[in-house]
Amino acid sequence: MLHAQDLGGTWDLRGGPVGSLPGQVPGCVHVDLLNDARIPDPFHDDNEKAVAWVGRTDWTYARDVTWDGPAHERVDLVFDGLDTVADILLGGVALGSTRNMHRGYRFDVTELLAGGPQRLEVLFTSAYTEAERVRDLLGPRPNAYPEPFNFIRKMACSFGWDWGPTLVTAGIWRPARLEGWSTARLATVRPLATFGARHPGSPPGAAGGTGRLDLTIGVERTRDRDLRARVLLDGRLLAVIDLPGDATNARADLDVAGVSPWNPRGHGEPALYELTVELLDGDRVLDRWRRRTGFRSVAIDQAGGGFVVHVNGAPVLVRGVNWIPDDIFPSRMTRERYERRLREAADAGVNLIRVWGGGIYEDRAFYEVCDELGLMVWQDFLFACADYPEEEPLRSEVVAEARENVTRLAPHPSLVTWNGNNENLWLHQAMGWDGDHSWGQTYYLSTLPAILAELDPSRPYQAGSPWSGSWDHLPNDVGHGTFHSWEVWNREDYLHYRDSAPRFVAEFGWQAPPAWTTLRQAVSDDPLRPDSPGVLHHQKAEDGNGKLARGLTPHFGSSGESVEAWHYLTQLNQVRAIRTGVEHWRSHWPHTAGTILWQLNDLWPVTSWAAIDGAGRHKPLYFALKELYADRALTVQPRDGGLVVAVLNDHPAEWSGPLLVERQDSGGAVLATVTRWVTVAPRSVALIPVPAAVAGFADPSAELLVSRFGDVRALWFAAEDRDFAHDDPGLTVEVETVPGGLDVRVQAVGLARDVLLQPDRIHPGAVCDRGFVTLLAGESAVFRVRAPLDLDPGSVKSPWVLTTLAAVLR
Ligand code: BMA
């Protein structure tokens, strides 16, 4: 049986001016330097600049290795990931060189280790050296940022992005081990599991159906011999596959009766099965591979320019978020962190995560948690915002990396679609990045589709995001395929989200600063201002603060008297913007078949489009997402010169009941009212016109529409906040100490708009269960504040803990 010996732990790290220090495997130099107090925290103030030398330095990780396992015909040295440019030496003998972070490497070290312990050295050359060498060799290529990330196969955003620092690290970022084996080992196992797919149109979605398992096995041998592979599903024998003589490949296409489908969230259970493949020599198990997989079929219906994801034959409204690496040093990620972040997404109503192309192919744990949670994954191939050369030495790296990751991720039912790149087709066209150079088009339109046709025909592929399906239309065409909505944030106002109904919105976003404590802990500016140096250093977007300020003016008239007011208003504006977009687009389902928010998470403390900040704190947007991405939601929308109530029912059951629409004044007096019985079919939207008598505001500065259906409600204001009379809502606040924290009951006499409780201002470890809450006259709400230690009930009265819009604007 194959025997693995982990090489993780403490190695010797050397490089540059620092001499020697402990280096962790898996890990990276920045984290090692930080742990050994050799560099300041690069997340703090502008220390990012002070540590820039680390990325331009060469580093060596070394240790002694001995094979401690049982005697075997072969011993391999295996790296699951090296970041990035490395020469590997064992006992002074060169094993090979690497230049791709997104691949694994394996070296036969049988003879070198036969004689006892040897020194293993991994010599990293600065990624800049290699990227600049390749750039000099192939000639420059345009890209969106002034760093050479498109000349090296390394996480692009480690070179900085419009939400991220430039921290170009190096290291053995994924596990390393020795593997001893004899006769043969399983080199690849590639299961493509679909549900009811043998006859297209056969019953979808139902339990107890037939799955199909298209299984390909690759073996590496030391000797020719008749072998077999035994395939089990949850312990049930599915097949025995022969690998006669010198065969290194085998394939089986199996019907699997009596399985339940894997379904995305909101569409049934995500059934998973344990798939085991055992490589046998007679009755002896040589190697064993085990993963959980699931049976589901995926298609994207692009008829008429649309982009509707179908899983198991049923259309799925995509409520998505874009995912960036959750840590600028991805070797720091743990299964627990993935689990926490992905559960947060699921709890917010998200059903799809897009792994963005400037990051990484994530760890197995990421996809396993998505499998379990029923979160669909859209995986970009790793190209973003640039022209990418198609020549060597990059081309063969791209091919190798794609083949390896398509194979590695094949078992995961959560992975529903592959995407060629982020914005490269669009930017090349829209920016006029012409010139006499290769730029990546061949990868997206031919290389990658050919690899998928061979290795994974079970999943749909799009050449890019955005992409209209062909060059017949511009890549970012609202009428065809995927659309990235960025003009609204960059140049317009968020009300312009309503100007069009794209077929699928794969990116859109609005910035806001992180939680107050996250900002305060990252930036020591005194006084802290929206434009003080540290705050600006933690704002990476071009003219980001200008856009934030210009975004506030049409709605609030000012950008806040104080940094606290700015912080409150920009967070509120982020919520208003995203609410405007999502509610508008959801009201156009199925024409607009989904939205993918830019972005769920951050990888350091920064002002960005994220819903969860770099310290893991929830911005108010996170809580708004729960409403926007709920199965059932209500919104008032302008349509054809009037108003409609859009009843959004992304639920398998019909939704019916009385729809009440009232016009009230801010004191709660009902000025006009209408009630109508409404029935909304499953997975659909009903648009109910609001009669002019109700929709006709007499005094927009003091009136609002309140519509109620089931247990949800929607508010509509005819005036912008700058023109609204923000009277004192007359709040009463009662604080009760309860196990684990405080329950804060807030009661309003009059309309209290956008009440916000910022728990981190009570204690850095405190959390709250809601973001902005608007109370109508006479209403109350309870904010549940929880913390790992006892909280002082009096702290709720501290400045800016509990705030209303009226208090900020008056
Ligand atoms: C798109 C994304 C990212 C970027 C975001 C915000 O370009 O794909 O590259 O961070 O917009 O500008």
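1. A polar side-chain atom of W356 lies 3.2 Å from an oxygen atom of the ligand. The model is predicted. Two further pairs of this kind involve ligand oxygen atoms: a polar side-chain atom of D162 is 2.5 Å from one, and a polar side-chain atom of W486 is 3.3 Å from one. On its own the ligand has 300 Å² of accessible area, and the protein covers 91% of that.

2. The shell around the ligand consists of W161, D162, W163, W356, C385, N422, E423, W486, E507, W598 and W609. By class, the shell residues are seven nonpolar, three charged and one polar.

3. On overall dimensions, the radius of gyration of the protein is 28 Å, which agrees with the value near 28 Å for a compact globule of 810 residues. Along the principal axes, the C-alpha atoms fill a box of roughly 90 × 65 × 60 Å. The accessible surface of the protein is about 28800 Å², and carbon and sulfur atoms account for 49% of that surface.

4. The secondary structure comprises 44 strands and 18 helices. Of the 810 residues, 61% are buried. Taking contacts between residues at least 6 apart in sequence, 70% join residues at least 24 apart.

5. Helix 16 covers residues 620-628, and it is largely enclosed by the rest of the structure because seven of its nine residues are buried. Those buried residues are P620, L621, Y622, F623, A624, L625 and L628. Their cover includes two helices, helix 6 (335-347) and helix 15 (563-586). Strands also contribute to this cover, including strand 23 (318-323), strand 30 (594-597), strand 40 (752-757) and strand 41 (767-768).

6. S438 sits in the loop that runs between helix 9 (424-430) and helix 10 (441-455). Its relative accessibility is 16%, under the 20% cut-off, so S438 counts as buried. Which residues does S438 contact beyond its neighbours within four places in sequence? They are R141, Y388, P389, E390 and E391. Two of these contacts can be given in polar terms. A polar atom of the S438 side chain is 2.9 Å from the backbone nitrogen of E390, and the S438 side chain makes a polar contact with the side chain of E391 at 2.8 Å.

7. N405 belongs to helix 8 (residues 395-409). With a relative accessibility of 2%, N405 counts as buried. Not counting residues up to four places away in sequence, N405 touches H102, Y361 and W418.

8. T517 is located in helix 12 (residues 516-522). T517 is also buried, at a relative accessible area of 8%. Apart from neighbours within four places in sequence, T517 is in contact with R617, D760, R761 and P764. With D760 there is a polar contact between side chains, at 2.7 Å. For a sense of position, T517 and T442 are separated by 75 residues in sequence and by 46 Å in space, C-alpha to C-alpha.

Notes: Residues numbered from 1 in each chain as written. Predicted model: local features only at pLDDT ≥ 70, side-chain atom pairs only at ≥ 80, totals over all residues. Heavy atoms only, no water. Near = heavy atom within 4 Å. Polar contact = N/O pair within 3.5 Å; in protein donor to acceptor, adjacent residues only side chain to side chain. Areas by Shrake-Rupley, 256 points an atom, 1.4 Å probe, with all protein chains shown as cover. Nonpolar A, V, L, I, M, F, W, Y, C, P; charged D, E, K, R; others polar. Helix = DSSP H or I, 4+ residues; strand = E, 2+ residues; numbered from the N terminus. Rg over C-alpha atoms; globule rule 2.2 N^0.38 Å. Buried < 20%, exposed > 50% of the residue type's maximum accessible area, 1.4 Å probe, protein only. Contact = heavy atoms within 4.5 Å.
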